[in-house]
Amino acid sequence: MAKTKTKSNKIIQTTLDLLREYELIDISFSMIAEKSNLDISDIKVYFLDVDSIIHAHFDNIDLRMIDDYSSNIVEETSKEIIFNIIMSRLDLLNENKISIKRLSNGRANIKISFFLRSSRIQKWILQEANIDSVGFEKIINQYGLIYVYTRTLAIWLEDDDPMMSKTMAFLDKTLTKGEKYIQNIQVPIKIINAMSKIGQQFFSKMKNKKA
């Protein structure tokens with residue numbers, strides 16, 4: 001198992017290294033095989049195409065992000081938790097920032113701005129931040145999380161400071177605004193959720209009558 005993981009990681013890192021010189025759409029399995037001293041058949045065991053290698057890299061980043069944060073749990077506010085989780089992910093992406101930047105500016109039809117593609121990861125972050133929401137509020141929180149990350153990622157890509165000072169300042173400011181926004185719409189959200197619940201009950205009764 002360890003040997004399999006090592007070979008998979010080698011393929012991923014080789015692809016990221018090639019991204020320093022080439023655009024993603026110009027990278028082929030033969031180029032990866034030559035640079036990594038592997039056979040093309042070895043690569044095909046793990047990946048269907050070059051895009052899937054990049055997606056695997058971001059999946060690995062998310063898993064490392066979870067491990068890094070879970071190993072350093074302290075008393076924090078919801079805003080501080082989300083701040084630390086996002087900065088943790090960007091810090092991990094820093095290891096291959098040149099490659100990520102080329103991926104961002106390239107002609108490839110792959111979006112590096114996607115964050116927490118699986119609802120499971122989104123749910124994990126909101127739970128870690130002690131944000132327990134349902135209905136319309138849950139949707140707002142999930143989309144808000146993706147929006148904040150996407151905006152912050154754009155700043156990070158242009159932030160040349162190793163300490164990511166501009167990125168941290170922007171993220172802190174954006175999260176503060178988001179926190180105030182959620183507070184201001186609590187009453188409308190409760191009304192929408194209540195109306196949605198009433199609607200569901202009404203249609204359920206109508207369905208039972210027809211049955």
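**Charged residues and helix packing in a predicted model**

User: In this predicted model, where is aspartate 159 found?

Analyst: The model is a prediction. Helix H8 covers residues 135-158 and helix H9 covers residues 165-184. Aspartate 159 is found in the loop between helix H8 and helix H9.

User: Aspartate 159 has no salt bridge; which side chain of opposite charge is nearest?

Analyst: Aspartate 159 is buried. A salt bridge requires a nitrogen-to-oxygen distance within 4 Å, and the nearest side chain of opposite charge is 5.6 Å away. That side chain belongs to lysine 166.

User: With which side chain does the side chain of aspartate 159 make a polar contact?

Analyst: The side chain of aspartate 159 reaches the backbone nitrogen of lysine 166 at 3.3 Å. Beyond its neighbours within four places in sequence, aspartate 159 is in contact with Lys97, Met164, Ser165, Lys166 and Thr167. The side-chain partner in the polar contact, at 2.9 Å, is threonine 167.

User: Over the ring of which residue does the charged end of lysine 97 sit?

Analyst: Lysine 97 is found in helix H6, residues 97-105. This lysine is buried yet has no salt bridge, the nearest side chain of opposite charge being aspartate 160 at 5.3 Å. Leaving aside neighbours within four places in sequence, lysine 97 is in contact with Trp156, Leu157 and Asp159. The charged end of lysine 97 is 4.7 Å from the centre of the ring of tryptophan 156.

User: Which helices hold arginine 89 and aspartate 62?

Analyst: The whole structure contains 4 salt bridges. In one of them, arginine 89 pairs with aspartate 62, with the closest N and O atoms 2.7 Å apart. Both residues are buried. The pair ties together parts that are 27 residues apart in sequence, because arginine 89 lies in helix H5 and aspartate 62 in helix H4.

User: How many residues apart in sequence are the parts tied together by aspartate 172 and lysine 79?

Analyst: Aspartate 172 counts as partly exposed, at 35% relative accessibility. Its salt bridge with lysine 79 has closest N and O atoms 3.0 Å apart. Aspartate 172 lies in helix H9 and lysine 79 in helix H5, so the parts tied together are separated in sequence by 93 residues.

User: What is the N to O distance in the salt bridge of lysine 101 and glutamate 158?

Analyst: Lysine 101 is partly exposed, with a relative accessible area of 26%. The side chains of lysine 101 and glutamate 158 meet in a salt bridge, with an N to O distance of 3.6 Å.

User: Which residue joins arginine 151 in a side-chain polar contact?

Analyst: Arginine 151 lies in helix H8 and is partly exposed, with a relative accessible area of 39%. Phenylalanine 170 is 19 residues away from arginine 151 in sequence and 8.9 Å away in space, C-alpha to C-alpha. The polar contact spans 2.6 Å, and the partner of arginine 151 is tyrosine 147.

User: What is the angle between the planes of tyrosine 46 and phenylalanine 47?

Analyst: The structure holds 1 aromatic pair. Tyrosine 46 and phenylalanine 47 form this tilted pair, 6.4 Å centre to centre, and the angle between the planes is 50°.

User: Is phenylalanine 47 buried or exposed?

Analyst: Tyrosine 46 counts as partly exposed, at 28% relative accessibility. The cut-off for a buried residue is under 20%. Phenylalanine 47, at 6% relative accessibility, counts as buried.

User: How many helices are there in the protein chain?

Analyst: Of the 211 residues of the protein chain, 38% count as buried. The pattern along the sequence is α-α-α-α-α-α-α-α-α-α. With 0 strands in the chain, the number of helices is 10.

Definitions and conventions: Residues numbered from 1 in each chain as written. Predicted model: local features only at pLDDT ≥ 70, side-chain atom pairs only at ≥ 80, totals over all residues. Heavy atoms only, no water. Helix = DSSP H or I, 4+ residues; strand = E, 2+ residues; numbered from the N terminus. Buried < 20%, exposed > 50% of the residue type's maximum accessible area, 1.4 Å probe, protein only. Lys, Arg positive; Asp, Glu negative; His and termini not counted. Polar contact = N/O pair within 3.5 Å; in protein donor to acceptor, adjacent residues only side chain to side chain. Contact = heavy atoms within 4.5 Å. Phe/Tyr/Trp six-rings, centres within 6.5 Å; stacked < 30°, edge-to-face > 60°. Lys NZ or Arg CZ within 6 Å of the ring centre and 35° of its normal.
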